[in-house]
Every structure is written in C-alpha cells, then in structure tokens.
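Good morning, and thank you for the time.

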Amino acid sequence: MPGAIVRKLTPEQEELGRKREELAAVRAALAERELELADLRAHLKSFEGLYLRQVGVLYAELDDWEAKVAELEASLRPSASAKQNAQEARKRAEETHEATHGEASKAKDFKPSPDLRNLFRDVAKRIHPDFAKDDADRERRTRLMAQANDAYSRGDAETLQQILDDYDESSESVQGEGVGAELIRIIRQIHQAKKNISSIEKELANLRASEIAKLRDDTEMARRAGRDLLNELAASIRKEIADLRGKHSSLVRQVRANE
C-alpha cells in the first residue's frame, strides 16, 4: 500500500501558522487588559456612587450653609468683595449639589461573577476592533465593544451573550483570504493589538493614580484596620455643618436686630 502523500508547507504557510499562534496569544492578552480596564472603571464608578451618597451629599449641604452664611454677611456688611464672595459661594454650592445628585451617585455596587468575567473575555477576543478586516468592520466592532463594556458594567450577561451570538452568526465573522494577504493582515493586527495593550496599561495607571482611586484604596486600608473612613469623613463634615448652622443663626439674629 503506497504511503500517504504529505504535502510540505511553503515558507509563507509556515510563517502564517506561527503568526496565527502569536495572534491568538495577543488576543488573549488584549482581552485580559480590556477586562482589567472594564473592572477598574466599574469598581471606581461603584465606589464613587457610594462616596457621593455617603459623603458627597454632606459636602453639598456644607457648601449650601457656607453660601447662606456668606449671603448674610454680605447683607450685614455690604461691599463689593462680600457680594462677590457670596456669589462664588452660591455658585460652588449649586455645582456641588448638581455633581452629588447626578447619575454618578446612582451607581450600584459592582461584583462581577466569574461567568460574567469569562463571557467578557470571549467577547473581547472575538469582536475587538483591533482585529477588524477593514474600516467598516472596525466601526461595527467599535460600536459592539462599547455596548459590551456598558453591559459588563451593569452586570448584564444576557446582553453580552447576545452581542457575541449575533456577531458569530453574522457574515462579517467569516474569515478566508489568500495566504499572503492573510499574513499581512495578521501582522498588522498583532502590531495594533500590542499598541492598544500599551495604551490600556497607561490608562490603567492613570485611573489608579486618580483621586477617587486613592480614596478607594485608603478606604480599603482603613477597613482592614477596622475603621470606616467614609463614616469618619461624614462625621467630620457634619460637625462643620453644625458649626455653620450656629454661625448662620447668630447672623440671622443680627439681621433682625438691625431691622
């Protein structure tokens, strides 16, 4: 019986095989970084919501009392500087109130399950814009990736799965080109993915250095030491509010005495 004919791969085909393996590794690395970034964004958003509900509302109340005091002082001792101070205090109070009671304050606690994290990895590997074939494909993938990030931050596994299923069933997911063209495309995808991994790492570093991230870290360190840092901050602000209320009452009495 004649032996089976083994067709030897061309150098281009061998290189394509190696690049496919490298691309798979880069896809996995990029998906991990995307997951890490999505996790950090969601956790910081969740912590910011907690902070605003527990401490931010008190800062808004504090600024409001400071504005009330400044306005009374301006009425008792009228001057251009007193009037300006009162206007600035009122503007600051309005800005603080808007920031404190906005959408950020409504963010819920973020605790993704292992299944949700794995699903997000799968989505990132399949539809990340870095692996697009052309501009139209990149635009579509970018839109889907934004939807995936939003779904992940909300813990919406059903939407994530639907995004993945819809993409896998679409004609855009079908691959198939000549060896040379595919090799060039894969090399460019690898290059772009590595650039994006570097960009994501920089964004992660910036987020970790942000004020809200530092406060979250300080809060966690305090918790491990048996302290509640946010409650401590809230208690300190309540004391300042009480002092301002007392000052406001005194100024009201002066205003009435002058009438």
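A residue counts as buried under 20% relative accessible area, as exposed over 50%, and as partly exposed in between. Please keep in mind throughout that this is a predicted model.

With those limits in hand, consider Ala-205, which is found in helix α6, residues 179–208. Is Ala-205 buried, exposed or partly exposed? Its relative accessibility is 42%, so Ala-205 counts as partly exposed. Between Ala-205 and Glu-15 there are 190 residues of separation in sequence, and their C-alpha atoms are 35 Å apart in space.

Let me now turn to the chain as a whole. The protein chain has 8 helices and 0 strands, and its pattern along the sequence reads α-α-α-α-α-α-α-α. For 259 residues the globule rule gives 18 Å, whereas the radius of gyration here is 29 Å, well over that value; the protein chain is therefore more spread out than a compact globule. Taken along the principal axes, the C-alpha atoms fill a box of roughly 115 × 45 × 30 Å. Of the 259 residues, 36% are buried. If we take the contacts between residues at least 6 apart in sequence, 81% of them join residues at least 24 apart.

Next, the helix pair. Two packed helices are described by the angle between their axes and by the distance between those axes. For helix α3, residues 114–127, and helix α4, residues 135–153, the axes come within 10 Å and cross at roughly 170°.

Finally, I would draw your attention to Asp-156, placed in the loop between α4 and α5, the latter covering residues 157–169. Its side chain reaches the backbone nitrogen of Glu-158 at 3.4 Å. Setting aside neighbours within four places in sequence, Asp-156 is in contact with Leu-116 and Ala-151.

Thank you; I am glad to take questions.

Terms used
Residues numbered from 1 in each chain as written. Predicted model: local features only at pLDDT ≥ 70, side-chain atom pairs only at ≥ 80, totals over all residues. Heavy atoms only, no water. Axes fitted to C-alpha atoms, helices over the stretch in contact; angles between N-to-C directions. Helix = DSSP H or I, 4+ residues; strand = E, 2+ residues; numbered from the N terminus. Polar contact = N/O pair within 3.5 Å; in protein donor to acceptor, adjacent residues only side chain to side chain. Contact = heavy atoms within 4.5 Å. Rg over C-alpha atoms; globule rule 2.2 N^0.38 Å. Buried < 20%, exposed > 50% of the residue type's maximum accessible area, 1.4 Å probe, protein only.
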